[in-house]
Amino acid sequence: MTTKPRVLQVGSFSGSPSANQRLAKDYDVFELWKHADRKVALAEYGKGITAMVTSANMGANAELINALPDLKAICSWGVGYETIDVQAARERGVLVSNTPDVLTDCVADLAWGLLISGARRMSQGDRFVRAGRWGQVHGGIPLGTRVSGKKLGIIGLGRIGQAIARRGDGFDMEVRYHNRRARNDVPYGYEASLVDLAKWADFLVVATVGGPETRHLVNKEVIEALGPKGVIINIARGPVIDEQAMTAAIENGKLGCAALDVFEYEPKVPEALIDSDNTVLLPHIGSASYETRLAMEDLMLENLQSYFQDGKLVTPVE
Ligand code: 8YV
């Protein structure tokens, strides 16, 4: 009889096709989320656990990392890892992996879906038809904004930002971006000032990492620079935008439209955004296609297997 390696699973992977089952098949899984008192459970069962699986949603803070004296690897499902205390892990010599690349296309596709839906009032039109309010041949809802040929601003030109930018070619758009540093490997214009980028852009897409260094990067000044005709799209992390300032701008007409997949206090969404016809609101589904979620699960499991085989991770977080 072979004994399965022990793995701590922080929460259930309910948004992944088969991650829970595949983990249970190959590992002796300690299901942390089923224990009401984490501290007591970790004190009792934590010893001897060398690997943990989690996600940005479930996180892994310093308290959890330090409650596992034998921990060596944290394998996360998803690309963002701002809720994993990588510093605390590093101090303990614990390796951390995420699942980059496999979700880039789906998240970029969704950004464009939000952009077009917001600009062309597709969600509003859908609500209008469903409510049985379509009473004439044309129209019935306000006119939208043309998409093709417009100016696309991107905040954060990493993998996902670049995939969003590339899709701009198909819409004959000029693309500019704001980043910590200008890149010398892209054909797009760099704006050192985010306010200047917002002033220039018709559409402003947030594609930067989350965490303390980008919190409220998109503030009242940036939102108002985008202006009453501008559309903001967020597929990154809610707290990158000052949600209160954005909500106020939507309410008083200082921002044209907010098309959002992420929110500052998920799953809470401000009432004023729900009540407005100038918003498109999605429940954090950037990576939520069958193919992509399966690929994320595959890569998380590959990392875990690689750790148990030779102590290395396939896609370590730098
Ligand atoms: C996941 C994401 O839905 O990869 C990410 O960073 O935001 C999404 O793919 C998220 O990780 C769920 O916690």
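An oxygen atom of the ligand sits 2.7 Å from a polar backbone atom of Val79, which makes a handy starting point for a tour of this predicted model. Here, local features need a pLDDT of at least 70 and side-chain atom pairs count only at pLDDT 80 or more, while totals for chains, interfaces and linings use all residues. Residues are numbered from 1 along each chain as its sequence is written, and side-chain values use heavy atoms, with hydrogens and water left out.

**Around the ligand**

- Arg293 uses its side chain instead, with a polar atom 3.3 Å from a ligand oxygen. For reference, a polar contact is a pair of N or O atoms within 3.5 Å; within protein, one must be able to donate a hydrogen and the other to accept it, and residues adjacent in sequence count only if both atoms are side-chain atoms.
- On its own, the ligand has 330 Å² of accessible area, and the protein covers 89% of that (Shrake-Rupley method, 1.4 Å probe; for residues, only the protein chains shown count as cover).
- There are 13 residues around the ligand, and Val79, Gly80, Arg237, His284 and Ser287 come nearest (a residue is near if one of its heavy atoms lies within 4 Å).
- That shell divides into 5 nonpolar, 6 polar and 2 charged residues (Ala, Val, Leu, Ile, Met, Phe, Trp, Tyr, Cys and Pro count as nonpolar, Asp, Glu, Lys and Arg as charged, and the others, Gly among them, as polar).

- Strands are DSSP runs of E with at least two residues, helices are runs of H or I with at least four, and both are numbered from the N terminus.
- In a regular strand, side chains alternate between the two faces of the sheet.
- β9 is covered on both faces: Phe203 and Val205 on one side and Leu204 and Val206 on the other are all buried (under 20% relative accessible area; exposed is over 50%, partly exposed in between; 1.4 Å probe, protein chains only).
- β6 and β9 run parallel, joined by 4 bridges (pairing takes at least two DSSP bridges), and Ile154 has Val205 as its bridge partner.
- β9 also runs parallel to β10 (residues 231-234), again with 4 bridges, and Leu204 stands opposite Ile232.

**Two helices**

- Helix α7 (residues 159-169) has several buried residues, including Ile160, Ala163 and Ile164.
- The buried residues of α7 pack against α5, β6, β7 and β9 (contact means heavy atoms within 4.5 Å).
- In α6 (residues 122-130), Ser123, Gln124, Gly125 and Phe128 are buried, and the buried residues of α6 pack against α5 and β12.
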